[in-house]
Every structure is written in structure tokens, then in C-alpha cells.
Amino acid sequence: MSARRRHSPEELRGKLRTLLENKQLVRAIEVHDGISALVANNVKLELGNGGENNFLEFDALWGSGFTDSTSKGLPDIELVSPDSRLSTIERIMNVTDKPLIVDGDTGGEIANFEYFLNRLELLGVSAVVIEDKTYPKRNSLDDGSIQNLEAPEVFANKIRLGKEALLSKDFMIFARIESLIAGFDVEDALLRAEKYLQAGADGILIHSRETDPVRVLKFAKEYSKLLEKIGFYRPLICVPTTYNTIKEEELCEHGFKIVIYANHLLRASVKSMQAVCKNILLKGRAFESEPYCTPITTIMHMVGFEKIKERDLQLLLDKSKAKVIIPAAGKPKETIIECMPSAMLDVNGKTVMQRQLDVLRHCGIADVTVVRGYAKEKFSYNGVKYYDAPDYTTGSLHSLFSAQAEMDHGFFLIFSDILFDESIIVSLLKSTADIVLIADASYPYHRHEIDKELDLLIGKQEGGYYRQPSIALEKEVTYIGKKIKKDIATHEFIGIAKFSEYGAKNLKELYSDCLKNHSGRFHESESFGKASIVDMIQEMIDRGFTVNYIETNKGWMEIHNKKDYEMAKKVVY
Ligand code: SPV
Ligand code: MG
């Protein structure tokens, strides 16, 4: 689902008629706002029978007056204005592809009713139900309320005028008979039914708040005789809120065509809200309430956040025209599988590189360059540009620069021996810094267990203490390298970085300058000829360029040795 409406009013309006023609029983569920409509619209109960109709779902929605009033904290006495009702209905229509039957209460005065009808038609609503009580009505389920019935002729006339006011052929007006609610008998209900049908009603809703459906079923039996008498068919509708033990099969057998579950989503939400409120008060925290709450990710998905995110990302991509360079030329320091570059190690059916490409493609990045060297014949992906670094035993910096032609508009650098998830790439896409690294902040907590050389970094000290929390997304790197003392390193560089166009231009200029002019050791390498990428980043810092980092503490892992490889196979699916 996205925030955009998917169906034209015309398309939706006609759906109820089609359902009535094709289904034995149309099942409608109450909705009172956008989110309840999304739930009702999207819930599917899988039956697991493998057949074509492999699931159950609601066919239509009921725009209840009771639950619309209640969701606004008001009693159901026609207090909510027509415009406020219409605004709720519009929100419902915006997120559904199911037909909506609207509760029109008494319909009000004829001028109000006509206005309401035309607005409903324009919104794509399929039908309205009006009840034969006098304005302002009282909710039918309340035992103590006085229920005043309208004179049948007056109500029939309202139906007639309402039908005349319609603009579309598909829209229907159903007449709701309240005889059983107001203390009258089945005979009164039948007399009314005939009058309303003759006036043009498109169907009859017989309402009752008795727990025993016997009188409703008696009405249904007499109604089929009435239909025979008048010579045309109109569907019969029921609202089994109080006589809720009756099953749909039985309703069908008695000739009901639409069943409305009229208030259940609102009542269910009130109950859960109360339980969660109490739970939080009781426990003094929200942790225990979590199992009773829908996960935020599900909510985001339901309201179409993913589409928005995709679009945001697309914009970022258009801006940055993201390119990725994966230097994968070096021989692994520790042989994990004989003659196999780290990128081509198989982790549960997919190589490390395939996994990297999948994540990148998912983020919309398709422009990927791989620098090959050691066991280059093992690389076999189409849709990837290859550069070869014949002398791959020199440092990683020179392998990277084999693909210098790809750097002009900026690039993402991704080491070939890491697995990572989308969130990491997304954070880089969002960054506006010129040179930005992804740095794992959990390093200080497990540094003493680490028995391999890592690319470590020291973040710029803020306020005199390096671990002082900062709200800035991008912080500054002061030192980077493998030889930084474990105790003073604040982060581990995970092997993913971004160079903007400007960052890449500076990188290239500096590289060419060092190539010409540098002699002797180059940071942690014995010469510039053996330099690593990390050495070059330190050189940039030393020359005054700002190198930022974005912190993470999850969503990635490296495969440097056999132990890492075994771990990857355990944790990656
Ligand atoms: C509603 O849902 O608003 C109805 C049905 O009109 S009832 O509450 O049973 O009257
Ligand atoms: Mg109502």
C-alpha cells in the first residue's frame, strides 16, 4: 500500500453490485478511520488448501456511525456533523480497494440527505443505509434509550427523493427497519419493508438487539414471501452484534445476502488500548506491553512508508549517481578455501559478492565495479564492470586505483570481504559529507577478545572525552590504522566508505601527488608502493581534509579468517 489512492470512485462504487451478483453472502466489517480500514482491507486468512481460493477475507467495509462517533469520543446520536462523517469516509476510501457501505443514520432532513448522498457517490462509496427513526436518533444497541420510529410513509418518501437525487447508477440506498429495536413486531417490520421497497430501496436491513435471532429469522422467512409477492429481488442485510452465535451458513440459508460485523474493530482496539495502558502503569515501563502491540515496522509497512522511503532513496541516488568500487584483488591473509578470493566464498548458497550485489541492487545501486587480481577467473558476475590489478601484491590502494576511471563523480568503496545490510548503505546515501566512513562503535566493548588486525580509528574527542555522546550524525576521524593501540581506538572501520565528487577529486589528486613525490614509509606501510587504502585516508586527514564517520553497531560482519567464515555460515540466511 502507498499513501496514494489506487482506485477511482467509479471503479469502487460498482464493486458492491458485482459482489451481490456473484457471492452467496457478502461479509462486511466495521471501519472507523484509515488504519482500521487498512487492517480490514488487508487481512487475509490463509486456509492452506493450495486451491485457487486459498484464503478468507472481508468483501466489504461498513462505515459505522456508532464507531465513527466513538472514535471521536462522542455518543452515537447524530452529533457528528455530515462533513466530519465525510472526512472519515474519505480517509477510509483513500486506503481501500473494497466497497464501502456507509451508515447514514436517519439521513436527516431531505436537503441534508441529498447533499450527503452526492458526496458519498463522488467519494466512490457503494451504498448508504438509512434507518427509519426520527432525527436525532439514539444508538439502537442501548437498552435504555427511547427509540422513536418515523412514520413509514415519511420514510418511504425520503427513500424516493434520495433515489431521485442520485447521480450514478451503481450507488444503492438500503432501508433499515428498526421495528424490532423500538418494541414493535415482525408484522410492523414487514409492512415497512414493502413500503420501502416500493419506494425504491435497493435492499432491506432488519435490525435487532435481541440475543436470540428468532425474530430476525422469522422476518427473513416472511421477507422471501414478500419478494415473491412484489415480484422483484432486493438483498436482505443483518447486523448480528447481539445474536452473535449464529453462523454465516445459517444466515445464508435464511436468505441473508449481506452480514455486517458492525463495531468489532473499534471495540477490539479500545480493549487492547486499555490493557496496554494498565500494563505500562503496572510495570512502570513499556517492555511487557510489546507483545500486545503491533511492531512499528508492520505499521510503517501498512501505511506505505516503504514506498516513500524508496522514493526518497531514488532521489538521493539521482543526486549522487552512486557508483560502487569493490577492490577485490588481494589474496586473503589467511587461506579459508584454497585459491578462493574472499569475495567468492560461498555463504549458505550465495557468495559474499553476490550478497553484496543483492543489497546494493536493493538500494537501487547497479553501477558496480570490481577490481580483480588474485584468482581473477573465479569472478563471474554479469552486469558488473571489471578492472584488473595485475600486480595485486602491492597495497590495496593501488588495486583501488586500477579503477580510477570510475571515480570521477564520486563513489562508494566497499571491501570485498564483508557482509552488510541495507541500513548501512542508506546511511551513506543520506550523508552529505565529502569523505565518510562507516565505523563500528561496539569495538571498545570487545576489543580484548579480538585476535586479528583490524582497521581501527579514533574519533575526534568532543568535550575532552572520546566517548561523550554526540547527536551529530557525522563525526570526525583523527586517526585510522591497524596499529592504533587497542585501548585508545574508539571504533573499527568496517570497510565501507563514500567519497563525494569533491572527496574523490581530492583523493585522486593526492594519490597522484604521492605517486610522484613520496618516498620512504607511508603511514603503516613500508612505502607508498605498498600503501593500503587506510594509509591514504590517514594521509588525507594529515593534509587537513575532513574525514567523517557514521557510527553503527550492527548490520555487518567481516570474513577475515576461518572463524569468521564459520560464524557467517551460522548467522546469515
Ligand atoms: C452502527 O454501527 O453505527 C450501527 C449499527 O448503526 S448499531 O450500532 O447496531 O445500531
Ligand atoms: Mg449507526
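Some ground rules come first. The model is predicted, so local features need pLDDT of at least 70 and side-chain atom pairs count only at pLDDT 80 or more, while totals for chains, interfaces and linings use all residues. Residues are numbered from 1 along each chain as its sequence is written, chains are lettered from A and ligands numbered from 1 in the order in which they are written, and side-chain values use heavy atoms, with hydrogens and water left out.

The chain splits into domain 1 (9–262), domain 2 (266–303) and domain 3 (312–571); these bounds come from an automatic or database domain assignment. The centres of domain 1 and domain 2, taken over C-alpha atoms, sit 31 Å apart. Where the two meet, nine residues of domain 1 are in contact (heavy atoms within 4.5 Å) with four residues of domain 2. Between them they bury about 540 Å², with 79% of it on carbon and sulfur atoms; buried area here is the accessible area (1.4 Å probe) that two parts lose on being put together, summed over both. On the domain 1 side, His32, Ile35 and Leu38 supply 49% of the area buried against domain 2, more than any other three residues.

On to the cores. A nonpolar core is a set of buried Ala, Val, Leu, Ile, Met, Phe, Trp, Tyr and Cys residues joined through side-chain atoms within 4.5 Å; buried means under 20% relative accessible area, exposed over 50%, and partly exposed in between (1.4 Å probe, protein chains only). The largest core has 59 residues, and Ile204 and Phe219 touch the most other members. Helix 9 (residues 214–230) gives the most to this core, at eight residues; helices (H or I, at least four residues) and strands (E, at least two) are DSSP runs, numbered from the N terminus. Leaving out residues up to four places away in sequence, Phe219 touches Ile177, Val186, Ala189, Leu190, Ala193, Ile204, Ile206 and Leu236. Another core, apart from that one, holds 47 residues, among them Ala322, Met344, Leu428 and Ile550.

For charged pairs, the count comes to 43 salt bridges. Asp59 and Lys23 make one of them, at 2.9 Å from N to O. Asp59 lies in the loop between strand 3 (55–56) and strand 4 (60–63) and Lys23 in the loop between helix 2 (15–22) and strand 1 (26–31), so this pair ties together parts 36 residues apart in sequence. Asp59 is buried, with a relative accessible area of 10%, whereas Lys23 is partly exposed at 29%. Glu248 also pairs with Arg27, the closest N and O atoms being 3.0 Å apart. That link joins helix 10 (residues 248–253) to strand 1, with the partners 221 residues apart. A network of salt bridges links Asp76, Asp105, Glu131, Lys133, Lys137, Arg176 and Glu178.

Finally, the cysteines. A search of the whole structure finds zero disulfides (cysteine sulfur pairs within 2.5 Å). For Cys277, the nearest cysteine sulfur is that of Cys293, 9.8 Å away. Cys277 is partly exposed at 48% relative accessibility, whereas Cys514 is buried at 2%.

Definitions and conventions:
A salt bridge is a side-chain nitrogen of Lys or Arg within 4 Å of a carboxyl oxygen of Asp or Glu.
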